[in-house]
Amino acid sequence: MIIEQQKLANAEESRIWSHLTELKDHACARQAAPPVDQLCSESPRLQAQQECLSFNSTSDGSLYNSVTNLASLTASETEAVVSPCGKASFIVKLCEMLNDETGHGLVRWGDQGRSIVVDDPNGFSQIMLPRYFKHRNFPSFVRQLNLYGFRKMSQETSKFEYQHELFVRGQEQAMRDIKRRVPEKPEFQHVRNEIETAMERRAELEAKVREYEGLLARKSRESSAYSETLQRARDKEAALEGQLKDLLGLWSQLMECSSTLLGRRRTKGRD
């Protein structure tokens, strides 16, 4: 019984190491990937799983558990390993996939080679994802893009185009700076949410301040216009008062002349 379990465990171990070798072969475009030992040293979880295999082979239960744990290694963890060319393995696979002519009609470079366009999500999930990422889960692929800083260019649900400022066709040096973001701890996320809420509130207050400043400036312009109109009216009033004084002065002179002429006529009549 123990011998049969030992054989089964050995076969499972061989299958898992074969799977790791396949992952290693896809680490860099047409380039030799680092040995499995080096690959494990670059990923803490891979290293831990490798250490689990260093045990007494006569312990059948430990062997089975260790091989089972190694099989649970997720593809996303191996994709975070940096390849010999300096780019993340996930980025290397993206480039390989986009340059694969058999993917025509499924996935392609966007305009000017600055984005990723998935033309047929269903066909892409069934053909290209298993070939390069060992799964058929399109939402999982999108989550990986988000972890590496890619953003969806259109909010339309029927368009699947993703862009990163450093992901440009032929710009190998720039692609080396594309890193996988480490998920934040829950307490940090809570603080970040509070900061974002405060910043949104601040933006709203700043918008209101700008609105009130604009209203104040408009009222100031209107007040200035009213002041100018009032000043013009006062100037006209002063001018009219001057003209009225001149008319009253002329009227007084006419009255004096009229009185003088009337007195002379009366004098002549007496004579």
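A residue is called buried when its relative accessible area is under 20%, exposed when that area is over 50%, and partly exposed in between, using a 1.4 Å probe and protein chains only. Lys134 is partly exposed by this scale, with a relative accessible area of 35%. Keep these words in mind as we walk through the model.

What you see above is a predicted model, in which local features need pLDDT of at least 70, side-chain atom pairs count only at pLDDT 80 or more, and totals for chains, interfaces and linings use all residues. Residues are numbered from 1 along each chain as its sequence is written, and side-chain values use heavy atoms, with hydrogens and water left out.

Let us start with the whole chain. It has 10 helices and 4 strands, where helices (H or I, at least four residues) and strands (E, at least two) are DSSP runs, numbered from the N terminus. Read from the N terminus on, the order of elements is α-α-α-α-α-α-β-β-α-α-β-β-α-α. Of the 271 residues in the chain, 27% are buried. A contact means heavy atoms within 4.5 Å. Among contacts in the chain between residues at least 6 apart in sequence, 54% join residues at least 24 apart.

Now look at how helices pack. Two packed helices are described by the angle between their axes and the distance between the axes. Here the axes are lines fitted to C-alpha atoms, for helices over the stretch in contact, and angles run from 0 to 180 degrees between N-to-C directions. Helix α6 (residues 89–98) packs with helix α7 (residues 121–133) at an angle of about 130°, and their axes are 10 Å apart. That makes α6 oblique to α7; angles under 35 degrees count as roughly parallel, over 145 as roughly antiparallel, 65 to 115 as roughly perpendicular and the rest as oblique. On the α6 side, Phe90, Lys93, Leu94, Glu96 and Met97 meet Phe124, Met128, Tyr132 and Phe133 of α7. By class, this contact of α6 with α7 has 7 nonpolar, no polar and 2 charged residues. In this scheme Ala, Val, Leu, Ile, Met, Phe, Trp, Tyr, Cys and Pro are nonpolar, Asp, Glu, Lys and Arg are charged, and the others, Gly among them, are polar.

Helix α6 also has α8 (residues 138–147) as a partner: their axes come within 11 Å and cross at roughly 120°. The two helices are therefore oblique to each other. Phe90, Leu94 and Met97 of α6 make this contact with Phe141, Gln144 and Leu145 of α8. The residues here divide into 5 nonpolar, 1 polar and no charged.

Which residue pairs with Phe90 through its ring? Rings of Phe, Tyr and Trp (its six-membered ring) pair if their centres lie within 6.5 Å; planes under 30 degrees apart count as stacked, over 60 as edge-to-face and the rest as tilted. The count comes to 10 aromatic pairs. One of them joins Phe90 and Phe133, a tilted pair with 5.4 Å centre to centre and 45° between the planes. Phe90 sits in helix α6 and Phe133 in helix α7, 43 residues apart. Both Phe90 and Phe133 are buried. Phe90, Phe124, Phe133, Phe138, Phe141, Tyr148 and Phe160 form one aromatic cluster.

Finally, visit two loops. Most residues other than glycine have a negative phi. Lys134, in the loop between α7 and α8, has a positive phi of about 60°. Gln112 lies in the loop between β1 (107–109) and β2 (116–118), and its phi is near 60°, also positive. Gln112 is exposed, with a relative accessible area of 68%.
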